[in-house]
Structures are given as C-alpha cells and as structure tokens.
Amino acid sequence: MTIVITLDPVSPDQHVIQHAAALLRAGRLVAFPTETVYGLGANACDAAAVERIFVAKGRPATDPLIVHVADLDMIDQVALALPPLAELLGKHFWPGPLTLILRRSPTIPPSVSAGKASVAVRIPAHPIALALIRAAGVPIAAPSANRFSRPSPTTAQHVFEDLDGRIDLILDGGPTAIGVESTILDLSSAQAEILRPGGVSLEALREVLPNVSYTPRYLGTETTATAPGSLLKHYSPRAELLLITGQRNAALRLIQTKAQLLINQRQVPGILVPEEDLAVVAGLPAQILTLGPERDLDAIAHALFANIRELDRRSVDTILVRGLSQTGLGLAIWDRLVRAAIGRVIDADKEQ
C-alpha cells in the first residue's frame, strides 16, 4: 500500500524528508512535487531502483528519465565536464523548469538515458524537491509520477490514482505551480536545440542563446528517444482527444458540430475551452470545463492536465479542445495537446 504524507510546501517537516530520503537510499520509490509536475523519484545511481521506475509506470526502456540535483556541485555526479554554456544557463534559469542534455557520467546507469551517452539534468525550484535531494545525498531520477502516457500529475491525488500500490510513498505538497513539464535543451552537440518545450519559453531562452532552435518530434515507442516527452502518444486521457485549430469562430463552430454529432450517437462529449468561449458552448448537453482566460497562459498551463483528468473522471467519450496561441508558455501547452490527441489535429478553416 502506498503511503501519502502531507507536507508544508514552503517549510517541509524534516523528519518526513529524512524518512523519504532513507527510502530513496534503500532503492525505493518516492513521489514528490516539483514546480512543474509531480515526479517519481529513485536513486539515479542505483540501476535496480531505476528499473523500478519503469516497472511502476509501465514505461518503455526507450524513454529516458530526467535526473534531478540540488545544486551545480552535484552535477559532477551526473554529467561529465559541465560546459560553460550550461553554467551560463544555470545562472539564468536554475533552480527552475529547464532541463539540459549533457554527457552522462559513468556513475549514472545507461538505463536512465535509454542507453545513450547523454543524460538529462535539472535543478528543480520546489522546497520539498530540493530538501529531499539534499537529504538523500544522491541525484534523483524522476519522470512524471503517473502511469506511462497518461496526463501528468499536478496533485498528489493524481499520483495516487495512477500509482497506488506501485510505489512506497507520496509526499503531498499541494498543487504544482506551473502544471507542465520542464523545457529540455540539448547541449550535447554543436547546435543548442529544444527537444521539448516547457516551463522556460523559447523566447526566454533566445535572450541568452539567440540561435537556439526548435523542431517538433513525434516518435513511436519503438524509437529510442534522446529526451522524455518525445513520443507522439503522451499525456493522453482514456477518452479520445481532438485538437481543433484555426480561426476562433470557425473552431468553435466545428466544436459545436462535433459535440452535437457525439450527442446524436448517444456519446458524452467533453469540451475544454478558455473562459471567453464558455458562452458559445454553454448550451450543449456536454461536460464543459474552462481553462482560464485565453491570454493567461500561466493559468491555462496550470489547469490543463487537471482538467483533462477531470473529464476522464466524468467518463466522457471524446474531449474537444480549441488550440490557442503558440507563443511563450503556449508552445508547451500546444505540444502537450498534440501528444494528448495522438496527432489528431483538425484545422477548422479547412473544414468549412
């Protein structure tokens, strides 16, 4: 049975932290909050403990993990020869939602990185996460604390729903602040490249690295990924999810049409829209949730996974979501929705 312990997210009980750290050193699994989503932690230097992550999540060995450290000094246990560019980025963005792909140290088992010579590393910006890493005294490998390909957990309850009985302990620090995962930046080759958009925007990175590039990648499970979050099917609800793009009015008309078709087929549609769209869809006999104001991308990111999970809980058959801006944090939101939809993206402007 999985134990859940509630902690003050700002000043966590050190007795609880020490208990959780002892579990990690003993090769057990502990879920804990970060500023992005909840992570499922294991001692990153212990190959057997790392294997337990893959088993608990049902995660393929081709999908690598992120290693969390408490400070720059601890990176020496994880990566070889920290490049000057990584130090520069660390000064700007750490602790925070940026993950760097570096050259893997021999102390980190190959399974952490899906057999690759690289390793993904970050310093999280959450008091519980930092306290746990320091108390454990080892780097912590921690993907999102959910069953593989499910929407990421932003509360301890989400973790419990997916992993009860599969892990030892959940540290409940309340809802996470950002709600989508970290940005992953590859520094292992000559050209710095974003492999996954996330909590640090492309625009913010370009203020430090003007030439940083980003090209979306959608891989199958048979392909070995360089970074987590590269698979096409990821963050997916049990219900089918359709991402509707295009001009706002056309997209809303298509959402209404598709919702009515589902209703006519005696199915239950779920609709996920910003607050400004609520009046347009409110008359439909559907399960409707709002993400927050369209311009408040922070609020939308914070609410995204929780609302997708809630629509699943309400047993909808299909979730209809209108695509929003891809600037700033919107690029990470777009990426998560494309993968949650498993590529089922419909341009409403072309449907007219």
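**Strands and their neighbours**

Analyst: Strands here are DSSP runs of E, at least two residues, numbered from the N terminus (helices are H or I runs of at least four), and two strands pair if DSSP finds at least two bridges between them. Leu185 has Ile194 in E10 as its bridge partner. This is a predicted model, where local features need pLDDT of at least 70, side-chain atom pairs count only at pLDDT 80 or more, and totals for chains, interfaces and linings use all residues. Residues are numbered from 1 along each chain as its sequence is written, and side-chain values use heavy atoms, leaving out hydrogens and water.

User: What order do the eleven strands of the open sheet have?

Analyst: In general, strands of a sheet pair through backbone hydrogen bonds, either parallel or antiparallel. Here the order is E1-E8-E2-E3-E7-E4-E6-E5-E9-E10-E11, with mixed pairing. Strand E1 (3-6) and strand E11 (213-214) are the edges, each pairing on one side only.

User: Which strands does E3 pair with?

Analyst: Strand E2 (residues 30-33) is joined to E3 by four antiparallel bridges, with Ala31 opposite Leu40. E2 and E3 make a hairpin with four residues between them. E3 also pairs antiparallel with strand E7 (residues 140-141) over two bridges, where Ala42 partners Ala141.

User: Why is E3 called largely enclosed?

Analyst: Buried means under 20% relative accessible area, exposed over 50%, partly exposed in between (1.4 Å probe, protein chains only). Six of the six residues of E3 (residues 38-43) are buried, so the strand is largely enclosed by the rest of the structure.
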